[in-house]
Structures are given as structure tokens and as C-alpha cells.
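I opened this notebook to record what I looked up in one structure. The entries follow the order of my checks.

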Amino acid sequence: MSRPQEPHRKAGKSAAVPPAVIVISVVLVLEAAALLSVAGWFIYNLFTAAPVSMGGAVFTTVLLAAAGAWLLALAHFFYRGFRWTRAGTLVFQLFAVVIAVPTLQGGVLLAGLLLLLPAAAVLVLLFTKPVLEHTSRLSGGDPKVL
């Protein structure tokens, strides 16, 4: 069974978390908050308006809430230095770019930029040396773990 990674230590001292890791974690939390807010708005509309498809509206609400919860988990474990979080972070940011581009092409400039700019920043920061080092270390246990 895998063990959680400890915060990074150097000669008995705790190493500081790189600023890029903090920025990525904050962006993930803000994206999660946005998704959870939209899920809340969907829930409100389920009770105040008649949806075209009740099943579709409920499914979308559950999907938004699950994605928001997943992003919160990614942010937490990314900050702690788990390397598996890089893949989830990368995939979500690519989805954000995939949604942002047609949004921008459709003329909804503000929403498109709000999707594209944080995703682009995370994608760039995700492959910087401090982030890779922070999320590549293993716990003191088995080197094959995580």
C-alpha cells in the first residue's frame, strides 16, 4: 500500500514550497470554486425553473460538483507534492483550453479569456524545474511508491 509523501525535507529543515506550486494550487482552487458555484446555480435553477430535461440538468449538476471536488483534491495534493497530481492538472487545463478557444471564437471574449489565461499559466508553470522537483520526490519508503 502506498504511503503519502511527507513535505520535502533537507537536512532536517523543511524546504519552502516553490511559488509556482502555490500559484498552480491557487488557480486549481479558484477553478474548483467556479465549478462549485455553477453547480450551486444549477441546483437553484432546478428548484426555480422548469428544465428542458430534468435528467440532463441533474447529470450536469452532479458532473460540475464532482469536477469541483476533484479539483479541490488535486490542489491539496499538488501543494503537498504528490506527483500523480500533475497528470490530473494537465488534463483539466487542456479541457479548459478546449472550451476557451471556441468560446473566444464565438465572440464571448471575457468568458473565453477567464478560461484561457489561467489554464495557459498553469500549463506553462507545470513544466518548470521547481514544480517538477517539488512533485517528483518520493516518500522515505519504497522508491516505487507513487
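I took helices as DSSP runs of H or I with at least four residues, and strands as E runs of at least two, numbered from the N terminus. The model is predicted, so I noted that local features need pLDDT of at least 70 and side-chain atom pairs pLDDT 80 or more, while totals for chains, interfaces and linings use all residues. Residues are numbered from 1 along each chain as its sequence is written, and side-chain values use heavy atoms, without hydrogens and water.

Entry on Val-21. I located Val-21 in helix α1, residues 19-48. Val-21 is buried, at a relative accessible area of 0% (buried is under 20%, exposed over 50%, partly exposed in between; 1.4 Å probe, protein chains only). Beyond four places in sequence, I found that Val-21 touches Phe-78, Tyr-79, Val-131 and His-134 (contact: heavy atoms within 4.5 Å). The C-alpha atoms of Val-21 and Phe-78 lie 7.5 Å apart, although 57 residues separate the two along the chain.

Entry on Phe-78. I listed its contacts outside four places in sequence, among them Ile-24, Leu-126, Val-131 and Thr-135.

Entry on the core. I took a nonpolar core as buried Ala, Val, Leu, Ile, Met, Phe, Trp, Tyr and Cys residues joined through side-chain atoms within 4.5 Å. The largest one has 16 residues, and Phe-78 is one of those touching the most other members, as are Ile-24 and Leu-71. Helices α1 and α2 (54-80) each give two or more residues to this core; α1 supplies the largest share, eight residues.
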